[in-house]
Amino acid sequence: MAWGTFTDIPLATLAFALIFIVILYNVLQKKSRSSQILTLFALSFVGVGGVAYNLFTSENMMEALPLELWSLSALLLPFAIIMRTRGICNLLILWPVQSFALLVFNHEKADMDVLTGEFVLYFFTHLLTFAIPLIMFWLKLTRRDQKYLSKSLILTVIVYTAVHFANIALGTNYLYSMSPEGNSFLGFFYTFVSEYWYMYCMIPVFFIYLVWWYLPEILDYRRKTKGLRRKLKAIEEKDRIRNFQPPIDGNEIMQMFGLPGCSLVGELKAAIKDAILDGVIPNEYDAAKEFLLKKATEHKLTLKQEENR
């Protein structure tokens with residue numbers, strides 16, 4: 001029974017893939033952290049086995065070297081699970097997308113019999129290479145970090161370029177960097193940009209995918225940053241109010257009314273300060289003095305300076 005392309009069988013296998021991912025996640029969610037790591041570590045070797053199978057069963061081993069993004073991901077995955085290095089884990093959010101794409105755009109394997117062991121290995125190699133990094137993040141075995149968005153894209157460009165020069169040196173066509181023949185999806189981009197540069201047309205696609213993946217963290221970061229700015233602004237405003245000095249200070253109030261240092265001097269000074277901050281009077285000496293004289297009459301104070309004159 002041939003796999004086919006965009007027929008009932010491939011659609012059924014995609015539905016099975018999604019169900020498998022959900023079930024695996026829910027099963028692991030109930031396990032201990034060490035059990036989660038050991039299970040994912042064991043499953044990651046399915047991808048390693050798939051890479052080895054392609055390498056040793058190919059008629060030309062040089063054309064089956066693991067230089068595609070999905071095969072590089074499969075080889076990195078066991079190390080990522082054990083070490084849980086944030087940079088590698090975040091990179092494996094992007095590169096295994098090729099594995100999922102190979103399950104959806106399966107033109108090259110459309111004639112494969114789904115009842116054979118070769119198909120099972122091919123299918124689960126790509127399914128687990130794509131699913132395991134997602135499950136690691138869902139289980140919080142590692143944390144997504146938006147700072148790796150640009151780093152992942154830059155490293156992908158470097159790998160693309162390195163693969164192209166490997167193609168030239170080995171006379172092969174990894175990642176279709178020499179010609180997209182046999183891959184209609186990449187062939188579409190080839191109509192716009194010639195030679196291996198057309199591969200860079202995938203970078204905007206990868207960028208959109210990563211933005212979508214990191215969007216919750218980006219929005220959370222913006223929310224926290226906005227909240228922090230608001231708090232800093234409130235603190236600055238409090239500091240400004242606390243450090244604000246009215247045009248008339250305590251010494252001048254004591255001289256004006258012949259008062260000793262007492263709480264009344266502080267009360268009058270605070271009244272002037274509050275009046276200015278509340279917008280009752282402008283922050284000007286004459287307005288402050290006029291306001292002070294009105295407050296002084298409430299306390300039955302006389303202006304000693306004018307009496308001395």
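The stops below go from one end of the chain numbering towards the other.

Before you click, note that this is a predicted model, where local features need pLDDT of at least 70, side-chain atom pairs count only at pLDDT 80 or more, and totals for chains, interfaces and linings use all residues. Residues are numbered from 1 along each chain as its sequence is written, and side-chain values use heavy atoms, with hydrogens and water left out.

**Stop one: helix 1**

Select residues 8-29 to bring up helix 1. Helices here are DSSP runs of H or I with at least four residues, numbered from the N terminus. Now pick threonine 13, which sits in this helix. Is threonine 13 buried or exposed? It's buried, at a relative accessible area of 12%; the cut-offs are under 20% for buried, over 50% for exposed and in between for partly exposed, with a 1.4 Å probe and protein chains only.

Then try methionine 112, which is 99 residues from threonine 13 in sequence but 13 Å away in space, C-alpha to C-alpha.

Next, select Ile19, Ile23 and Val27, a nonpolar surface patch with about 270 Å² of accessible area together. Isoleucine 23 belongs to helix 1. Patches take residues with over 30% relative accessible area and no salt bridge, joining like charges within 9 Å and nonpolar side chains (Val, Leu, Ile, Met, Phe, Trp, Tyr) within 5 Å. The areas come from the Shrake-Rupley method with a 1.4 Å probe, and for residues only the protein chains shown count as cover.

**Stop two: helix 9**

Jump to residues 202-243, which are helix 9. Which residues does a salt-bridge network link? Select Asp220, Arg223 and Lys224. A salt bridge here is a side-chain nitrogen of Lys or Arg within 4 Å of a carboxyl oxygen of Asp or Glu. Aspartate 220 pairs with arginine 223, their closest N and O atoms 2.5 Å apart, and also with lysine 224 at 3.3 Å, N to O. Lysine 224 is about one helical turn from aspartate 220 because the two are four residues apart in helix 9. Aspartate 220 is partly exposed at 27%, while arginine 223 is exposed at 53% and lysine 224 is exposed at 52%.

Now select Arg222, Lys226, Arg229 and Arg230, a surface patch of positive charge. Lys and Arg count as positive and Asp and Glu as negative, with His and the chain ends not counted. Arginine 230 is exposed, at 51% relative accessibility.

**Stop three: helix 12**

Finish at residues 285-298, helix 12, where glutamate 298 and lysine 295 lie three residues apart. They form a salt bridge with closest N and O atoms 3.4 Å apart. Glutamate 298 is exposed at 56%, whereas lysine 295 is partly exposed at 23%. The structure holds five salt bridges.

Notes: The place of a charge is taken as NZ of Lys, CZ of Arg, CG of Asp or CD of Glu.
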